[in-house]
Every structure is written in structure tokens, then in C-alpha cells.
Amino acid sequence: MTATTDSPVVTPDASRRGARRRRWWLEVGWKYPLAAVVVFYAAFPLAYVLSASLSPSGTLTGSTQLFREISAQNFSALGDTRFWQWAGNSLVIALSVVVGAVLMGAAAAYAFSRFRFTGRRVSLTSLLVVQMFPQMLAFIAIFLLLLTLGEVVPALGLNSKLALICVYLGGALGSNTFLMYGFFNTVPRELDEAAKIDGATHAQTYWTIILRLVTPILATVALLTFVATFGDFILARVVLTSEQNWTLAVGMYGWVSDQLNANWGLFAAGAVIAALPILALFLFLQKYIVGGLTSGSVKG
């Protein structure tokens, strides 16, 4: 007499499906919960700021419950301040720095990439070494320099937007040149030689051929420079002393610098509007960013 067992019979197909499911979770599936955590971590501060901007209470403690009260009071109150004047100052300064940084960085990178001259390697090494020092060390020197320079040329002294633009251009030149230099090296030199045989000058080759081929790195440098300049606080606070010349970062800081009278609702509304130019520029240039960053960084 033989004993019978009631254990379920596992078919080969079910075993293969289970193996495929486990392999999918090990290779792909774990990325979905991780991505959900990252998205929540990145989106929650934005949702909190948006909720605070729509809350009429003007305090952070009143915004603990997201979107409990919705009002456009803070946005309409921005018109009673110098917000739009500060926004105009920030845009003028940031766009001027972007144009100058791209043109200066591209010209310097093209020279280092295409021409061989005495001191070329030393200059490249010096640019790299200078970038290693934190910019915090230069604030006192910049203040004293502008203070002295303003006695001779008032337009380049303290409380001058032109002076602040010049300071930003000088600070960004080294890193931008190094970033662009790697990308310029990827453009074949045969293009320069072919253009020269056809009778093109160095300027024609540079403006009509090379710059069109390096558009990704130009867009990347423009975006990074705009974001850094538009959101800078310390340099703008040191250089710009009068309220009508302040940028958004400096002016809006005044709304929350006093803990007893801090208006966080107005500050959050201003922050939401201030993020729009950066968001629009990022969406417009995003197709160039990845290629520009990787190509410029790995071949430098």
C-alpha cells in the first residue's frame, strides 16, 4: 500500500514566470519605488512654497496644512513693493552676464583649442588652480577694489550694476573657458583647414562654422551662468547698496530678515514668480544640456 501526498504541483511555466518576475524586480522593478521617493523628496518643497504663497496668513506655521486656504492676496501685494523693479534688475544683470560670459568663454576656449602660443599650458593650469579657491575669499578684495575704483570711475564703483556685471564676468571666465575648451577640442581641425583653403578668415571660420557646431556647450554655459547670476545673493548684497538697484535675492531677503515681522507669504509668492524665468530657460535649452555637460567635462 503506497502513501499519497497533497502538495501542489509546480508546473515548469509557473516556475519560469516566477524567475522572470524576480529578475525583473532585481534589475528594473526596484527603480520605481526609488524614483517615487526621489520625486516626492524633490516636489514636496516646491508644493510647500506654492502653498505658502497662496496662504493669506503670511506665516509658515499657518501653511503646515497644504493648500488649506487659497488666495491671490500675496501675489497682488507684490505690486505694492519694489518686486518688479528688482526683477527687472535681476534680468538685466543676468542676461548681460550670460551674453558676456558666453562670448568671452567661447573666444578664450577657441584660442586655447586652436592656437599654440607661449604660455598656453601655464595659462590653462592657472585657470584650473584659480578655480580651486573658494569665492568667499574674494569678497573683501572685491569690495575694496570697487571702493577705490569708484573714486576714479564712478560707473564701476560700489552700487553700480555695471560693476556687478564685470565682477560676475571675471568670476565665471575661468570655469566657462575650461568647460568649453573640452568641447572645442571635439570639433575636427580639418574643418578649419578646409575653410582656410576656401579663403575664409579666422573670424569667418569662428563665427560661421565653429560656433554653430558648439551650440550645446554654449547653451549649457548660458543656462548655468543665468541660474548662478539670477540667484546670487552675497556678491549682489556686497556691491549693490541702494534699494532701487537691488536684485530679487537681496530685496526679497529683506522681507524675512526680521524674524518678528517676517512676511513669508509675500516671500513665497515672489519666489514662485522668480522661478519662472529659470524654468522657461531650462525647458528651452534642455535638449542641449546633457550633451554639453558630458562632452565638455570628460575631454578637458
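User: What is the N to O distance in the salt bridge between the side chains of glutamate 243 and arginine 82?

Analyst: The distance is 3.8 Å from N to O. A salt bridge is called when a side-chain nitrogen of Lys or Arg is within 4 Å of a carboxyl oxygen of Asp or Glu. The model is predicted, so local features need pLDDT of at least 70 and side-chain atom pairs count only at pLDDT 80 or more, while totals for chains, interfaces and linings use all residues. Residues are numbered from 1 along each chain as its sequence is written, and side-chain values use heavy atoms, without hydrogens and water.

User: How many salt bridges does the rule give?

Analyst: The count comes to two salt bridges. One of them is the bridge of glutamate 243 with arginine 82. That pair links distant parts of the chain, 161 residues apart: glutamate 243 is in the loop between α11 and α12, and arginine 82 is in the loop between α3 (73–77) and α4. The helices are DSSP runs (H or I, at least four residues), numbered from the N terminus; strands are runs of E of at least two.

User: Which residue meets arginine 114 in a salt bridge?

Analyst: Arginine 114 meets aspartate 192, side chain to side chain, at 2.9 Å from N to O. Arginine 114 lies in helix α4 and aspartate 192 in helix α8 (residues 189–197), so this bridge ties together parts that are 78 residues apart in sequence. Arginine 114 counts as buried because its relative accessibility is 11%. Aspartate 192 is buried too, at 13%.

User: How many aromatic pairs are there, and what describes such a pair?

Analyst: In general, a pair of aromatic rings is described by the distance of the centres and the angle of the planes. Here rings of Phe, Tyr and Trp (its six-membered ring) pair if their centres lie within 6.5 Å; planes under 30 degrees apart are stacked, over 60 edge-to-face, and the rest tilted. By this rule the count is 16 aromatic pairs. Among them, tyrosine 110 and phenylalanine 184 are edge-to-face, with 6.3 Å centre to centre and 65 degrees between the planes. Tyrosine 110 sits in helix α4 (residues 83–114) and phenylalanine 184 in helix α7 (residues 161–184), so the two are distant parts of the chain, 74 residues apart. Tyrosine 110 counts as buried at 6% relative accessibility, and phenylalanine 184 is buried at 0%.

User: Which type of aromatic pair do tyrosine 110 and tyrosine 206 form?

Analyst: Tyrosine 110 and tyrosine 206 are tilted, at 4.9 Å centre to centre with 55 degrees between the planes. Because tyrosine 110 lies in helix α4 and tyrosine 206 in helix α9 (residues 202–213), the pair ties together parts that are 96 residues apart in sequence. Tyrosine 206 counts as buried at 8% relative accessibility. Elsewhere, ring pairs link Phe83, Trp84, Trp86, Trp246 and Trp255 into a cluster.

User: What is the phi of asparagine 159?

Analyst: Most residues other than glycine have a negative phi. Asparagine 159 is not a glycine, yet its phi is positive, about 65 degrees. Asparagine 159 is in the loop between α6 (139–152) and α7, and is partly exposed at 25% relative accessible area.

User: Which side chain joins that of asparagine 159 in a polar contact?

Analyst: Serine 242 does, with a polar contact of 2.9 Å. Such a contact is a pair of N or O atoms within 3.5 Å; within protein, one must be able to donate a hydrogen and the other to accept it, and residues adjacent in sequence count only if both atoms are side-chain atoms. Serine 242 is in the loop between α11 (234–239) and α12 (248–256). Serine 242 is buried, at 15% relative accessible area.

User: Which residues does UniProt list as "transmembrane region"?

Analyst: The unreviewed UniProt entry lists residues 30–50, 91–112, 124–150, 162–184, 205–230 and 264–285. Positions are in the numbering used here, feature names are shortened, and annotations may be inferred rather than shown by experiment. In the model, residues 30–50 are 95% helix and 0% strand, with end C-alpha atoms 31 Å apart. Residues 205–230 are 96% helix and 0% strand, and their end C-alpha atoms lie 33 Å apart.

User: Where is alanine 222?

Analyst: Alanine 222 is in helix α10 (residues 215–230) and counts as buried at 12% relative accessibility. Its C-alpha atom is separated by 30 Å from that of valine 256, 34 residues apart along the chain.

Definitions and conventions. Buried < 20%, exposed > 50% of the residue type's maximum accessible area, 1.4 Å probe, protein only.
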